[in-house]
Amino acid sequence: MSLLRIRKPKTRKGKKVLLAREPQLIESARTMLFLDGRKCGGNVKLCMKDLQALKKPLVKILNRKNDITPFDDPSSLEFLTMKNDAALFSFGSTSKKRPDNIILGRIFENEVLDMFELGIKRYQAISEFKNEKIGACVKPCLVFNGPKWAQTEELRRLRNLFIDTFQREKVDSIRLQGIEHVLSFTVTDDMNILMRSYRILLKKSGQKTPRIELEEIGPSADFAIRRTKIASEDLYKQARKQPKQLRVGKKKNISTDALGNTKGRVHLGKQQTGSIQTRRVKALRKTPEEKKENRQRKKVALKSAAAEALAASQLQGNPFSS
């Protein structure tokens, strides 16, 4: 009996699950798996609980403690993410060597693509901020402060991982009152990551555009980057590959100005106006009233021309004039 056989689904529900796991033309929002290590408590538990609140409902939580070391042997972690159909994961643990440790990563083709180990140096949970909070399932605005995010490849990948983590369903349009939440990420000189969360307040300004204020609602965290594992350029390029159906081709003679207005240039060939048949077009035919008016104009013009000719001949003494 071969261990590599392909097990076909026996039920309609099983077939539906396997079809949902296959690559889709338009991928849905990614689910995140939360799981604990051998020891997990304190700030790690609070941080993972707040991340679950920010990510809901796209979360799956495993409350059982797992004896997993993702950087040494990620096979168990890859199995759990495949079983729960999760493309993102958050693994929390604490030890004497690495206290208050949280690992964020993502999966591609059932294998770990990127993985970052962050140490929690300071943490304030959402419950510590005694003010009004935002509603559930709100899509946040992500702000990455400073040019350091583009200086190294690891920081660029970490920024991309944060975008994948907090990204939700794609929308075509959004109203101004629907923008309620801001997540801010800053890189310090000593390579620490400062994460802040704010609620957007729209105040009256006396004009059409409201005045915007930010109120911190938590969580507030200072992370230190410890260990990292990023994919190679070839694998990362393959993971970012888009289907041909979704690629936007370059359109000729179309440009966009600084204000976002789309302008097009139209090229016309030489117009053969001389050979255009206009008389046979019904819309261009003259009405009977117009034809009668034209005939009267011609008669009046002929009479006036004859009278002028007669007057001129009489002045010249033409003998043949009567």
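Q: What does Glu-213 count as at 32% relative accessibility?
A: This is a predicted model, so local features need pLDDT of at least 70 and side-chain atom pairs count only at pLDDT 80 or more, while totals for chains, interfaces and linings use all residues. Residues are numbered from 1 along each chain as its sequence is written, and side-chain values use heavy atoms, with hydrogens and water left out. Buried means under 20% relative accessible area, exposed means over 50%, and partly exposed lies in between (1.4 Å probe, protein chains only). With its 32%, Glu-213 therefore counts as partly exposed.

Q: Which side chain meets Glu-213 in a salt bridge?
A: A salt bridge needs a side-chain nitrogen of Lys or Arg within 4 Å of a carboxyl oxygen of Asp or Glu. For Glu-213 the N to O distance is 2.3 Å, and the partner is Arg-211.

Q: Where are the two residues of the salt bridge between Arg-199 and Glu-215?
A: Their side chains meet at 2.9 Å, N to O. Strands are DSSP runs of E with at least two residues, helices are runs of H or I with at least four, and both are numbered from the N terminus. The pair links distant parts of the chain, 16 residues apart: Arg-199 is in strand β8 and Glu-215 in strand β9.

Q: Asp-164 or Arg-30: which one counts as buried?
A: These two form a salt bridge, with their closest N and O atoms 3.1 Å apart. They are 134 residues apart, with Asp-164 in helix α4 and Arg-30 in the loop between α1 and β1. Arg-30 has 36% relative accessibility, so it counts as partly exposed. At 12%, the buried one is Asp-164.

Q: How far apart are the end C-alpha atoms of helix α4?
A: The expected span is 1.5 Å times one less than the number of residues. Helix α4 has 14 residues and should therefore span 20 Å; this agrees with its end C-alpha atoms, which are apart by 20 Å.

Q: What is the volume of the largest pocket?
A: Rolling a probe the size of a water molecule over the atoms shows where empty space is left. On a 1 Å grid over the protein atoms alone, a pocket is an open set of points where a 1.4 Å probe fits, with protein on both sides within 12 Å along at least five of seven lines. Grid points are joined across faces, edges and corners, and the volume is the space filled by probe spheres set on them. For the largest pocket, this gives about 2300 Å³.

Q: Which element gives the most to the lining of the largest pocket?
A: Lining residues have an atom within 4 Å of a grid point. The elements that give two or more residues to this lining are α1, α3, β4, α4 and α5. With 7 residues, the one that gives the most is α4.

Q: Which side chain of opposite charge is nearest to Asp-100?
A: Asp-100 lies in the loop between β3 and β4. Lys and Arg count as positive and Asp and Glu as negative, while His and the chain ends are not counted. Asp-100 is buried yet has no salt bridge; at 6.9 Å, the nearest side chain of opposite charge is Arg-226.

Q: Which residues is Leu-80 in contact with, leaving aside neighbours within four places in sequence?
A: Leu-80 sits in helix α3, and its relative accessible area of 16% means that it is buried. Contact means heavy atoms within 4.5 Å. The partners of Leu-80 are Leu-33, Leu-35, Leu-62, Asn-66 and Ile-68.
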